[in-house]
Amino acid sequence: MLDIIYWPVSAILWFWHKAFGFVFGPDSGLTWALAIVFLVFTLRLVLYKPFVKQVRTTKQMQELQPQIKELQKKYKNDRETMAKEMQKLQKEHGFNPLMGCLPVLVQVPVFLGLFHVLRSFNRTGHGWGQLGLTPEQNANTANYIFSATDVQSFLSARIFGAPIAAFITAPASEMQAFAEWGGTPTKLNIAMVAVPLMIIAGLATHFNARASVKRQTPEAAANPQAAIMNKLSLWVFPLGVMVGGPFLMIGILIYWVANNIWTYGQQHLVFGRMDQEAKEKEEEAKARKAAVRTETTPKPGAKPVDVRKRVQDAPDADNSSTNGTATTNGTPKQSAKQGGKRRPGGQQRPGNRGRANQKRKR
C-alpha cells in the first residue's frame, strides 16, 4: 500500500550507496551510513523552502496571537462567525497554517519508508510485516530497488562490529541473518554503537527544541497549549528517543542524528537571515525618519518658515480673489463693480442701505 513511498526512498538510498561505494567500497559500513545521512540531506534540501515558510508562518502566528485572542473572546459563543473571522484575518496577512506543518508531515512518511526499507534487508523475523525467510532466502531476495547482491553487501556492512540493520533488543533468531556475512553480532557490539547514537539523538532533539522555544514571543509562550508543546518538545520527545532507542535499528538512529544536525544548522541559518532582515528594516525606517527631519529643519542662518501660517494664508488669498478684491502692495483694493462706501474703520457699507431707508420714508 505504501510502495509509492518505499520505492523512491530505496532509490535515493541506492543512488548514494553507489556514489560512496566508489570511494569506500560497496560493503563498507561507512558507505551505508553516509548513504543514509545523505538521504536525509536530500530530503531536507528539497524541503528547505517549505521549512523557511514554516518558520515565517510560526512567527506570523506569534505576532497575530493578540488579534486571535480578541476574536476568540469576542465570538466565544459563535464558533461559525469566529471561524470566518479567523479565515479573514489569515487571508489579510497571507497566512496559511498548513505551511507550518508541511515539513513535518512530509518527513513522517519518509521516516516510515526508510524504517521499512532498512528492516527489509533482514526478513527472517516472524513479527508484524516480516516474511519469516531463512537466512539463505533472505540473502538471495531483492529488496525493492536493491538487488540480491546489494542485500548481501548490506548484511556484510559493519560499524565498529555492529550491522546497520541490528538493534539492541533484536531476538537471536534474527541475528542469524548476519552469520554468513561477517559473523553474528553480540548485544555488546550493538549497544556500543547504538547507545552513543541514542544520547546524541536525544541531546540534538533537546537543543533543537530549545532554539525554537527561545524564538517565541512572551505572548506565545504564555499560551497554555504552547506551554504544553514546549515541555513535550524539550523533555518528552528527547526522552522518547532514549527510551525507544533499544528498539530502533542503528540505521534509524543514524537517520535521527543526521536529521537533527541538519535541523540545528538550518535553524541558525534561517533565523540569522530573518534577524538580518529585521535589522535592515529598522535601519531603513530610521533612515526615512532622519530624511524627513533633514527636509523640515531650516539650514544654518536661515529664518524658520512657519508652515502653518502658509496654510492659513492660502485660503484668504483665494477668498479675496473670489470676492473681487485685488491687492496692491499688501493693501486690499475695492473692485469698481462693487457698490457702497467704506466706513471709517475700513469696513464696507452696504450699497443698498440708503435706498431701503428712502423707501421707508416714502
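Which hand does the crossing of H1 and H2 have, left-handed or right-handed? The legends below take this up in turn with the whole chain and several single residues.

**View 1. The predicted protein chain as a whole.** This is a predicted model, in which local features need pLDDT of at least 70 and side-chain atom pairs count only at pLDDT 80 or more, while totals for chains, interfaces and linings use all residues. Residues are numbered from 1 along each chain as its sequence is written, and side-chain values use heavy atoms, leaving out hydrogens and water. The protein chain holds 15 helices and two strands (DSSP runs numbered from the N terminus, with helices being H or I of at least four residues and strands E of at least two). Of its 362 residues, 33% count as buried (under 20% relative accessible area; exposed is over 50% and partly exposed lies in between, with a 1.4 Å probe and protein chains only). Among contacts with a separation of 6 or more, 65% join residues 24 or more positions apart (contact means heavy atoms within 4.5 Å).

**View 2. Helices H1 and H2 cross with a right hand.** Helix H1 covers residues 3–24 and helix H2 residues 29–46; they pack at an angle of about 135°, their axes 8 Å apart (axes are lines fitted to C-alpha atoms, for helices over the stretch in contact, and angles run from 0 to 180 degrees between N-to-C directions). That angle makes H1 oblique to H2 (under 35 degrees is roughly parallel, over 145 roughly antiparallel, 65 to 115 roughly perpendicular and the rest oblique). Residues making the contact include Val9, Trp16 and Phe20 of H1 and Leu30, Trp32 and Phe38 of H2. By class, this contact of H1 with H2 has 13 nonpolar, four polar and no charged residues (Ala, Val, Leu, Ile, Met, Phe, Trp, Tyr, Cys and Pro are nonpolar, Asp, Glu, Lys and Arg charged, and the others, Gly among them, polar).

**View 3. Phenylalanine 24 in helix H1.** Phenylalanine 24 is partly exposed, with a relative accessible area of 39%. Leaving aside neighbours within four places in sequence, phenylalanine 24 is in contact with Leu30, Thr31 and Leu34.

**View 4. Helices H10 and H13 side by side in contact.** The axes of H10 (residues 187–214) and H13 (residues 250–296) come within 9 Å and cross at roughly 25°. The two helices are therefore roughly parallel to each other, and their crossing is left-handed. Their contact has 17 nonpolar, six polar and no charged residues.

**View 5. Isoleucine 168 in the loop between H8 and H9.** At 19% relative accessibility, isoleucine 168 counts as buried. Beyond its neighbours within four places in sequence, the contacts of isoleucine 168 include Lys187, Ile190, Ala191 and Pro246. Alanine 191 is 23 residues away from isoleucine 168 in sequence and 6.0 Å away in space, C-alpha to C-alpha.

**View 6. Tyrosine 144 and phenylalanine 160, two residues with positive phi.** Most residues other than glycine have a negative phi. Tyrosine 144 has a phi of about 55°, sits in the loop between H7 and H8 and is partly exposed at 22% relative accessibility. Phenylalanine 160 also has a phi of about 55°; it is found in the loop between H8 and H9 and is exposed, with a relative accessible area of 76%.

Conventions. Left-handed = near helix turned anticlockwise from the far one by under 90°.
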